[in-house]
Structures are given as structure tokens and as C-alpha cells.
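Colleague: I would like to go through this model and ask what stands behind each term. Please set each value against its definition.

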Amino acid sequence: MSSAPVAVSTVRRRGIEGRSNLAGWFFVSPAVLLFIVFIAGPFVAAMGLSLFSWDLLTPARFVGMENFTRLFGDATVWLSLRNTFVFAFASVVTHIVIGLALAVAVNRPLHKVVQYVTRSAIFFPFLISWAAVSLLWKYVLDPDFGIASYYLGRIGITPPNWLIDPQWALPALIGIDWWHTIGYTFVILLAGLQTVPGIYHEAAKIDGANAWQRFWHVTLPIMAPTLVFAMIITFIGAFQIFEPMRIITDGGPSDSTRSIVLYLYQQAFESFQVGYASTIALVVFAIVMIVTLLQLRLSRRWMGHD
Amino acid sequence: MTESGHSSGGGMTARLVAAPRVRRGARQKVGDIVLSVVLIVLSLFMIVPLVWLITTSVTTRAEAFQLPPRWIPTPPTLANYAEINSLIPIGRMALNSLIVSVLATAGALLTSTLAAYAFSRIRFRGGNTLFSVLLAALMVPVQLTVIPLFILMRTLGLVDNLAAVWLPATVNVFGIFFLRQYFASIPRDLDEAARIDGAGHLRILFQIMLPLAMPALSALTIFLFEATWNNYFWPSIFLQSNEQMTLPVGLVQLQGAVGGGPAVVVFAAITAVVLPVLILFLIFQRSFVESIASTGLKA
């Protein structure tokens with residue numbers, strides 16, 4: 001007799017669970033369906049494609065690991081990877097160092113107008129599309145009628161022919177990217193900075209720490225997770241750089257600005273080597289994944305959870 | 001700060017201690033003024049290319065691109081803007097951009113909201129596994145999925161169709177994750193009370209959760225809209241004819257004009273694309289910055 005109520009409640013609970021399962025899957029179903037069609041499916045398909053040689057016209061041919069061996073012997077892949085790593089590291093360093101300096105500066109009790117103007121001027125370029133940024137800067141850096149060369153000349157510096165000189169094209173693109181995306185890093189770092197409790201600074205001040213010591217021993221340790229996050233997100237974004245290389249230089253001069261994603265794009269949509277392009281894409285994926293997992297580990301260690 | 005030494009005691013020692021503090025305060029003030037000047041100069045450097053862009057776009061062809069640049073065009077002209085249409089159908093492209101961005105944003109908001117609600121409020125079999133799979137997918141770069149999707153769209157005859165651009169954007173894994181985090185921070189007491197009153201999940205979601213999640217929703221809306229509106233990579237692969245192009249791809253079509261006569265017209269076109277964004281930014285600056293800060297910090 002005593003087991004009857006238990007049985008009833010189990011049945012009822014199963015019923016509720018069943019309904020809850022149904023409701024859960026009902027709510028996630030639009031996202032899941034689209035996810036399968038547009039993300040998971042293509043992801044699996046890309047892995048499969050990397051085993052084929054296919055030009056989209058003649059039938060696909062299974063080649064096994066041939067694309068991978070070709071990749072290791074492809075000098076352009078290595079050159080593109082080198083360019084991309086140089087770009088990404090330079091991007092991380094310039095974004096984090098200058099971005100942090102700017103965030104610390106704007107976080108000071110300056111005049112409201114100064115804060116507003118600086119914040120707006122630094123942030124706004126981030127909202128312009130790469131297409132517009134690329135076209136604009138192509139003109140700004142033009143040796144004949146661009147303002148950059150003109151004003152540098154006026155202060156006695158003979159500028160290089162930025163986009164034509166293989167030594168200067170990549171640094172020029174690093175600079176353009178900085179102008180375009182520093183606003184993002186700046187905002188992230190400023191938000192992180194504002195979470196540093198003012199009382200810590202007061203305490204350090206009373207202990208006689210100067211501004212530099214307070215920055216080094218109070219601000220930086222508290223900012224560490226935000227800094228790592230900003231570094232990783234900047235690295236991942238920079239590693240997938242495509243637009244300025246495609247629009248401004250198209251990889252030139254003499255391959256000095258060819259990024260790995262630009263090479264992937266050219267293989268897929270100009271040479272129509274979709275199998276080989278997928279293989280290159282897998283390399284990009286592997287690198288992005290390693291860096292992301294590294295960030296997860298680091299942030300877990302810092303926060304102790306999640 | 002400077003008064004503290006005097007008010008605390010007025011004795012000799014207090015004065016001696018206070019003196020350097022006064023000087024440090026003054027030094028700090030000078031430091032802040034120097035810093036302000038540096039920041040303003042830097043801000044000018046940031047906006048000089050944009051000022052040059054806008055002034056050149058309203059300069060006559062004959063006077064444009066003179067060095068030193070004329071920062072104030074006399075007289076300003078809108079003639080360059082009238083010529084854009086002879087190079088690219090910019091109105092049509094703006095409309096395409098709007099269609100793509102609105103549909104992608106609305107779609108992603110809807111699917112993310114529904115999924116985020118399930119992940120934060122409904123215990124269902126496979127839910128946790130599914131969520132982990134979605135999280136892992138955040139690491140998959142678009143460059144990997146774009147090739148099979150190009151083949152898919154080609155098979156479906158959707159190449160050079162706006163749907164190829166907005167349809168894949170109606171699911172956004174980051175959006176799901178971002179909203180779930182926000183929903184999880186809303187106390188459960190509210191929806192449990194509603195549930196006891198007999199409210200279903202849909203009612204709880206739309207009448208209780210969504211109004212409370214407005215800050216997150218508006219941040220995500222700005223983030224998604226901005227991302228689709230400015231996207232170049234995706235539409236440059238899928239859209240091929242001028243009539244189907246979005247603004248970023250259309251702008252790049254003007255490349256051929258570089259160095260030739262109508263460079264001013266190219267400047268007018270870039271300005272026509274940038275200026276509305278600038279105006280929106282100046283009006284809703286706070287929302288823009290908060291959107292980026294919140295979506296970034298929680299990513």
C-alpha cells in the first residue's frame with residue numbers, strides 16, 4: 001500500500017519530464033536546425049572535402065591525404081602563415097599596449113569634454129566597415145595625393161611608398177588595422193579597468209605607492225583576466241585577417257601581405273580548388289582552436305570556475 | 001586633499017607633511033593637462049582621415065586632392081554625390097544591406113532568444129550536451145564553413161541571391177550563449193510565480209523574461225546589426241551582380257576608379273556609407289559602446 005503513492009508520483013514526474021523534454025527541444029529546434037544546416041553540416045563537409053580534389057566542374061576525385069602533403073610542401077602556405085603570424089603578433093602588441101595606455105589615461109578624472117572627444121575618436125573607426133576603411137586608406141597612403149605622405153614630408157620625413165614597397169606594405173596594413181580596431185580593444189580594456197575598485201588605489205596610495213607602482217601592482221593584476229581575454233580575441237581576429245589584404249593590396253607586393261585566409265579564399269573562389277582550400281581552412285581552425293583552449297585554461301586558472 | 005593638512009591639526013609636523021602633498025596635487029593637475037593635450041592631439045590624428053574624406057567628397061573635381069589639402073572647401077558642392085549612381089546603384093545597395101541586416105538580426109534574435117530560454121529555464125534530456133556542442137562551435141571560423149556553404153548555395157541556385165547572405169546568419173551561437181548568460185542572472189522567483197498562475201513557457205519568455213532582458217537584447221541587436229551591415233567577406237563570396245550587392249561589396253566595386261578622374265565620386269560614395277553610421281553613433285554613442293563592452297566581456 002505504501003508504495004502506491006510513490007508509483008503515482010513517479011508516473012507523474014515522468015509525465016512532467018516528458019513534457020519538459022518536449023518543450024526544451026521545441027524551443028531550441030529553430031536554432032538547432034539552422035545550426036545543423038549552416039554550421040555543423042558544413043563543418044563536417046569541410047573535413048570530408050579536404051580528402052578530395054574538386055574544381056566544382058568535373059567530378060570530385062578522392063585523394064586521401066594528398067592535400068595535406070601538398071600543404072606541407074606549399075611555400076605559399078608557409079609564407080602566408082608567416083605573414084599572418086607577424087600581423088597577428090604586431091596587432092596584439094600594438095592593440096594591448098597602446099589600448100591599455102589609452103584606457104588608463106581616459107579613466108583618469110579628466111575634463112568631461114576631453115573624455116568624450118577621446119572616447120568617440122578612438123572608438124568610432126571600429127564601426128566603419130572594412131570595405132570603406134580599406135578604400136579610404138588606400139587614398140590616404142597614396143604617394144601622389146595622399147595626406148599621410150604629404151604631412152610626413154612636411155616634417156622632414158621621406159615616407160616609403162607604403163603599399164608598393166614589400167618591406168612596408170605589411171606594416172602599413174598593421175597600422176590601418178590598428179586605426180580601425182583599436183576602439184574595440186580600448187572599450188574592452190576601459191570596461192575592465194572600471195571594475196578595479198577605487199579603494200585598492202586609495203589603500204596603495206596611503207602605503208606610499210606612486211602612480212607607476214599602483215599601475216604595476218594594483219591595476220595590472222586585477223586586469224590580468226581582461227588583458228588575456230583582449231589578447232586572445234585580438235589574436236584570433238587578426239589571425240583571420242582578410243579584407244585589407246584583399247581590397248588594398250590583394251596579397252602583394254610580391255606576396256608580402258598575403259594572409260592565410262586570403263590564400264584560402266583565392267584557392268577556393270579564384271582557382272576553384274575547394275578540396276585544397278578546405279585543407280587550408282582546417283589549419284586555420286586548428287590554430288584558432290588551440291589559442292581558444294589556451295585562453296579557457298588560463299581564465300579557468302584565474303577565476304577558479306567557469 | 002590640499003586642505004587636509006591644515007584642518008587636521010595646524011601644527012608644524014602637519015604642515016611639513018602637507019607641503020609635499022600640495023605640490024603633488026599641483027603636479028598631478030599639470031600632468032592631467034598635459035595628458036589631456038596629448039589625448040586631444042591623438043584624437044585629431046584618429047579623425048583626420050575622416051575629415052579629409054568628408055571635405056574631399058564635397059569639393060569640386062578640379063580642386064580636390066590638392067596638397068596641402070584644403071580643409072574648408074569653397075564653395076562646397078554636392079555634385080559628386082549625384083554622380084555616384086552612374087557608377088554603382090548605391091540606393092539599391094543600401095536597400096540590400098538593410099534587408100540583409102534586418103532579416104539576419106531579427107532571425108538570430110528570435111532563434112537565440114528561444115534557445116537561450118530553454119537552456120536557462122527548461123531541464124530537458126540532451127540539453128547540456130547540446131549546449132556544449134554549441135559552445136565548441138564558437139571556435140569554428142567562418143572560413144571553414146563558407147566553402148561547403150558555397151557549394152550548397154550553388155546547388156540550391158541561391159548564389160547571387162540575398163538569402164545566401166542573411167539565411168545562414170539567422171543562427172548565431174554567440175547570441176545564444178550571450179542571452180543564456182543574461183537569462184541565468186534573472187531570478188527564478190518571477191517565472192516560478194507565473195508558472196503557478198498557469199503561464200506557459202512562451203508567456204513567461206515574452207512577458208517576464210524579455211522585458212527584464214532589454215539591456216542584453218539591445219546590446220545583442222546592435223552587435224548583430226553592426227556585424228551584418230559591415231560584413232564584407234561573406235557577401236563578397238555570394239553576391240555577384242551590382243543589383244544584389246550590399247554596400248561594403250558595392251563600395252569595393254569602385255576600386256577601378258582609383259587614380260582616375262572620379263576619385264571624388266568614390267569619396268562621396270564612401271562618405272555616403274560612413275556618414276549615417278557616424279550620425280547614429282553620435283546619437284546612440286552610449287548604447288554602441290555598452291553593446292561592444294558587454295558582448296566583448298562576456299564572450
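Modeller: The contact takes 89 residues from chain A and 90 residues from chain B, where contact means heavy atoms within 4.5 Å. This is a predicted model, in which local features need pLDDT of at least 70 and side-chain atom pairs count only at pLDDT 80 or more, while totals for chains, interfaces and linings use all residues. Residues are numbered from 1 along each chain as its sequence is written, chains are lettered from A and ligands numbered from 1 in the order in which they are written, and side-chain values use heavy atoms, with hydrogens and water left out.

Colleague: How much area do chain A and chain B bury between them?

Modeller: About 8,100 Å², with 80% of it on carbon and sulfur atoms. Buried area is the accessible area (1.4 Å probe) that two parts lose on being put together, summed over both. In chain A, the residues that lose the most area to chain B are F27(A), F38(A) and Y139(A), together 10% of what that side buries.

Colleague: Why is the pair D32(B) and R108(A) called a salt bridge?

Modeller: A salt bridge needs a side-chain nitrogen of Lys or Arg within 4 Å of a carboxyl oxygen of Asp or Glu. The N to O distance between D32(B) and R108(A) is 2.7 Å, so the pair meets the definition. The count between chain A and chain B is one salt bridge, and over all chains the search finds nine.

Colleague: What makes R246(A) and E270(A) a salt bridge, and which parts does the pair tie together?

Modeller: Their N to O distance is 2.9 Å, which is within 4 Å, so the term applies. R246(A) lies in helix α10 of chain A and E270(A) in the loop between α11 and α12 (274–303), so the pair ties together parts that are 24 residues apart in sequence. Helices here are DSSP runs (H or I, at least four residues), as are strands (E, at least two), numbered from the N terminus.

Colleague: How do you know that R70(A) lies over the face of Y276(A)?

Modeller: A charge sits over a ring if NZ of Lys or CZ of Arg is within 6 Å of the ring centre and within 35 degrees of the ring normal. R70(A) is at 3.6 Å from the ring centre of Y276(A) and is listed as lying over its face.

Colleague: Where is the cis peptide bond?

Modeller: The cis bond joins G252(A) and P253(A), with omega about -10°. P253(A) is placed in the loop between α10 (243–249) and α11 (260–269) of chain A.
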